[in-house]
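Work through the exercises below with the sequence and the structure at hand. Each task is followed by a solution in steps.

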Amino acid sequence: MDCMTSPPEGKPLARIPKLSSSVHDINAEKPPFGSRVLTQDSDVWTQNAWDHVPPPEDQTETITASLARQRLVPVPEDDKKNYNAKPAKYWDNFYKTNADNFFRNRKWLHLEFPELLAVAEPNPCLGAGNAAFPLLTANQNPNLIIRAYDYSTHAVKLVQTNALYSSPPVGKIEAAVWDLSLLDTLPPGVEPGTVDIVILVFVLSALHPDEWGKAIANIHKMLKPSGLVLFRDYGRHDLTQLRFKSGRLLEDNFYIRGDKTRVYFFELDELALIFTGSRASPAQKTSTMTEVVDEDEDNEPTSLPAPSQTASPSSYTLAETPDPGSDDTLSLPSSGPSSDVHHNLLRPLAHCPPHPLFTIEQLGVDRRLLVNRKRQLKMYRIWMQGKFRKTE
């Protein structure tokens with residue numbers, strides 16, 4: 001993730017690399033050094049990047065309208081069964097179509113997760129190598145072993161045919177086909193309690209909620225005592241969720257994309273319940289630096305529908321941020337009691353050992369404002385980020 005600023009008149013835009021994590025303590029007295037604070041709304045188009053942008057107040061109406069439209073025409077029941085029966089098939093088709101050019105390398109991993117610089121043996125669960133290869137390139141530890149897994153056979157082939165796979169500069173990389181959601185099944189060559197770090201970057205959202213328990217059980221089993229999970233995924237009411245058209249809703253907050261791959265949009269309390277069995281306390285939740293960046297700088301791994309296919313992107317905005325020192329939350333639309341969390345999380349997860357399995361070291365929301373300056377459009381994105389430490 002890069003930020004950009006405007007150069008003097010007549011000069012090309014200069015790229016300023018991102019030098020710190022997006023997630024920070026909302027109770028801190030001062031924002032991170034170098035923050036660009038937007039004090040006048042009229043100035044928003046004068047720079048490519050603003051930090052800590054106060055969100056507009058009309059998000060509730062936008063969310064209500066989008067979700068109501070989606071619920072009118074959900075995915076037919078027969079199609080739901082087909083999409084959920086063999087999800088790996090659709091990811092195979094995705095990678096065959098897009099090869100390894102669709103996702104940008106996740107060079108921001110070391111900024112968001114500096115723990116990766118010191119680890120001896122991370123065990124990432126990921127797709128086409130866009131997380132593994134930046135780690136391998138930056139590695140200085142000859143004993144490092146990166147193990148990359150995906151349930152798409154074609155995704156694994158893309159990793160194995162990369163030049164860095166056969167000749168890594170330092171350390172070692174292995175890739176194999178493995179389904180994280182298989183019951184009590186570890187990846188090939190991995191013994192229980194042998195992994196330092198598991199990286200889940202846009203992984204859990206691809207699973208059906210009924211598969212969360214099996215996935216967490218496998219992750220917990222492979223990690224060493226005090227091992228770490230580094231997590232980043234889609235957040236509830238992200239622009240991508242609000243843009244979904246009719247016929248894409250599998251169930252609340254769970255969708256099928258145009259390429260037939262699945263995606264879930266999380267809340268912070270859902271992640272706390274998945275990993276620890278309890279909702280997060282206000283003190284455990286962090287907020288983020290809100291940035292304005294050019295639309296084409298978004299390195300987020302999913303395609304967005306063309307604006308002409310949906311309502312105007314400028315209508316998708318954020319509600320007012322609650323006081324970080326209070327327990328207040330946004331008054332957002334709901335579909336029933338406790339609708340902020342999936343119903344599977346209102347009871348112990350199936351196939352998951354008893355909680356608490358992990359403690360929370362970080363749990364935050366990364367809200368970013370993407371700007372198309374040429375078309376004068378503002379688009380708000382939301383991601384969840386967390387670090388979870390194995391309790392044993």
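A residue is called buried when its relative accessible area is under 20%, and exposed when that area is over 50%. The model used here is predicted.

**Exercise 1. Helix α1**

Task: Find which residues of α1 are buried, and state which exposed residues its opposite face carries.

Solution:
- Step 1. Helix α1 covers residues 59-72, 14 residues in total, and spans 20 Å from its first C-alpha to its last, close to the 20 Å expected at 1.5 Å a residue.
- Step 2. Applying the cut-off of under 20% gives Q59, T62, I63, S66, L67 and Q70 as the buried residues of α1.
- Step 3. Viewed down the axis of α1, these buried residues lie within an arc of 115 degrees, so they line one face of the helix.
- Step 4. An α-helix has 3.6 residues a turn, so residues three or four places apart point the same way.
- Step 5. On the face turned away from the buried side, α1 carries the exposed residues E61 and L72.
- Step 6. The cover over the buried residues of α1 includes α9 (239-243), β8 and β9.

**Exercise 2. The sheet with β8 and β9**

Task: Give the strand order of the open sheet that contains β8 and β9, and say which strands stand at its edges.

Solution:
- Step 1. The sheet has three strands in the order β8-β9-β10, with antiparallel pairing.
- Step 2. Strands β8 (249-251) and β10 (262-264) each have a single partner strand, so one side of each has no neighbour in the sheet, and these two are the edges.
- Step 3. On average, neighbouring strands of this sheet are turned by 30 degrees against each other, direction ignored.
- Step 4. Between β9 (residues 254-256) and β10 there are three bridges; I256 has R262 in β10 as its bridge partner.

**Exercise 3. Helix α6**

Task: Determine how the buried residues of α6 are placed around its axis.

Solution:
- Step 1. In α6 (residues 153-160), the buried residues are A155, V156, L158 and V159.
- Step 2. Down the axis of α6 they fall within an arc of 155 degrees, so they line one face of the helix.
- Step 3. Among the elements covering them are α3 (87-98), α5 (132-138) and β4 (145-150).

**Exercise 4. An aromatic pair**

Task: Classify the ring pair of Y149 and W178.

Solution:
- Step 1. The ring centres are 5.7 Å apart and the planes stand at 75 degrees, so the pair is edge-to-face.
- Step 2. Y149 belongs to strand β4, while W178 sits in the loop between β5 and β6 (195-201), 29 residues apart.
- Step 3. Y149 and W178 are both buried.

Definitions and conventions: Residues are numbered from 1 along each chain as its sequence is written. This is a predicted model: local features need pLDDT of at least 70, side-chain atom pairs count only at pLDDT 80 or more; totals for chains, interfaces and linings use all residues. Side-chain values use heavy atoms; hydrogens and water are left out. Two strands pair if DSSP finds at least two bridges between them. Helices (H or I, at least four residues) and strands (E, at least two) are DSSP runs, numbered from the N terminus. Axes are lines fitted to C-alpha atoms, for helices over the stretch in contact, and angles run from 0 to 180 degrees between N-to-C directions. The expected span of a helix is 1.5 Å times one less than its number of residues. Buried means under 20% relative accessible area, exposed over 50%, partly exposed in between (1.4 Å probe, protein chains only). The arc is that of the directions from the helix axis to the C-beta atoms. Contact means heavy atoms within 4.5 Å. Rings of Phe, Tyr and Trp (its six-membered ring) pair if their centres lie within 6.5 Å; planes under 30 degrees apart count as stacked, over 60 as edge-to-face and the rest as tilted.
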